[in-house]
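These are my notebook entries on one structure. I looked up pockets, aromatic contacts, charges over rings and some backbone angles.

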Amino acid sequence: MKQTMRRLLCALLTLCLLAGGVCAAGQGEGLVSLSWLTGTFVPQAVEKGGEAAGTLLQKTYDSALEQLDGAQAGQSGLQSDSLSSRAWSDGAVLELPTGSVFLLLEGAASVLHSGAVVDVTAGAETAVGARLIPNHRYLVAEDTTASVTILSGAAQLGVQGSYRYTPGRANPTPFYDVCQTDWYYTPVTYVYQSGLFSGMEDHRFAPGEAMNRAMLMTVLYRLAGSPAGELQEAGGVRFVDVAESAWYAPYVKWGAAQSITSGTGADTFSPEQPITREQLVVLLYSFATHYLNKPQEGRADLADFRDLNQASDWAREALSWAVFQGIVSSASAGELTLNPRGSASRAEVSAMLRAFSEKIH
């Protein structure tokens, strides 16, 4: 389409030049020969017309194309004949008029409307600002305009009827189970975009699942910048429960060689064991002091934490440091708890890593 527009502009300018050339020649010589017109003037006029179009009309041309591209980017007046689902990303907004139908299959989304949106599956009206229920079909009622906003990193949603579409955020996560309203939304987005770790599956982060000790060592290796040379130097480290063929073996060895971890015993690492909150804090403290060589001063008084007595003696200094730095906060709402021996979820690991990266690393 761009090439066609350019040719049209060139042709119009060429005609103007032809007309001007004929008039000028008529005033100067009184007569222009056909052979000169077709053999000399026309070729020169076409060449100059192309140059002039590129010079004089480029700004107008670019402006027209920007308007066209903008209209396409706004996705005004789109139409879908079926409810077949398609992928949408975090923050995308769909505006739907009366008669449009939509169906959320994966992810999270909310709806605003100016009148009534009917949950056809449940046989009830949908409140303004309500979250959509997956696998429920919704109808935009008479005299109503609805606006559906994608809240999760990614979503699968089908639309039948007309709609307008506004793109979502740049570089979103691909996860159906991480939503803007979740407390861990920002930390998960941070660790994903930083390349520290991804999901358990392409579209599933599994924020509530525990992270094991082997997985955490791979994350710390990435936090260190993935130093390949250090990885190769750690070949002599041995743990009886870390097989040489295990995918995590190089990273566990690297952590031990860098004095980040000493394992769970004299020659064991317990790679498949869920990492506890106090173990995670100790490893971060060790990473800061032994690997980054940054002295860590400042300690918080942990006396107000109700379950301080559950913390291991070897973890208390690191816990005090982490609370002082804001890396660890209360594990429960309404009271101060450390939950030191509880398994650290993937969401909690994300939050601690983000805080550590921003304050220490």
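**Aromatic pairs and the cluster**

I looked up Trp 254 and found it buried, at a relative accessible area of 0%; buried means under 20% relative accessible area, exposed over 50% and partly exposed in between, with a 1.4 Å probe and protein chains only. The model is predicted, so I note that local features need pLDDT of at least 70, that side-chain atom pairs count only at pLDDT 80 or more, and that totals for chains, interfaces and linings use all residues. Residues are numbered from 1 along each chain as its sequence is written, and side-chain values use heavy atoms, with hydrogens and water left out.

I found 16 aromatic pairs in the structure. Rings of Phe, Tyr and Trp (its six-membered ring) pair if their centres lie within 6.5 Å; planes under 30 degrees apart are stacked, over 60 edge-to-face, and the rest tilted.

Phe 175 and Tyr 192 make an edge-to-face pair, with 5.4 Å centre to centre and 75 degrees between the planes. I place Phe 175 in the loop between strand 11 (154-166) and helix 4 (185-193), and Tyr 192 in helix 4, so that the pair links distant parts of the chain, 17 residues apart. Helices (H or I, at least four residues) and strands (E, at least two) are DSSP runs, numbered from the N terminus. Phe 175 is buried at 0% relative accessibility, whereas Tyr 192 is partly exposed at 27%.

Tyr 221 and Trp 254 are also edge-to-face, at 5.3 Å centre to centre and 80 degrees between the planes. Tyr 221 lies in helix 5 (residues 213-223) and Trp 254 in helix 7 (residues 249-257), so this pair ties together parts that are 33 residues apart in sequence. Tyr 221 is buried, with a relative accessible area of 7%. I list both in one aromatic cluster, together with Tyr 251, Tyr 285, Phe 287, Tyr 291, Trp 321 and Phe 356.

**Charges over rings**

I apply this criterion: NZ of Lys or CZ of Arg within 6 Å of the ring centre and within 35 degrees of the ring normal. Arg 213 lies over the face of Phe 269, 4.4 Å from the ring centre. The charged end of Arg 86 sits over the ring of Tyr 165, at 5.7 Å from its centre.

**Loop residues**

Thr 337 belongs to the loop between helix 9 (316-325) and helix 10, and I find it buried at 5% relative accessible area. Beyond neighbours within four places in sequence, Thr 337 is in contact (heavy atoms within 4.5 Å) with residues including Phe 305, Arg 306 and Asp 307.

Which residues other than glycine have a positive phi? I noted Ala 206, at about 60 degrees, and Asn 293, near 55 degrees. Ala 206 is in the loop between helix 4 and helix 5 and is buried, at 5%. Asn 293 is in the loop between helix 8 and helix 9 and is exposed, at 58%.

**Pockets**

On a 1 Å grid over the protein atoms alone, a pocket is an open set of points where a 1.4 Å probe fits, with protein on both sides within 12 Å along at least five of seven lines; lining residues have an atom within 4 Å of a point. Grid points are joined across faces, edges and corners, and a volume is the space filled by probe spheres set on the points.

The largest pocket holds about 250 Å³. I count 13 lining residues, with Thr 261, Ser 262, Gly 263, Val 282 and Trp 314 nearest its centre. Helix 8 (residues 277-291) gives the most to this lining, with five residues. The second largest pocket has a volume of about 200 Å³, and helix 10 (residues 346-359) gives the most to its lining, with three residues.
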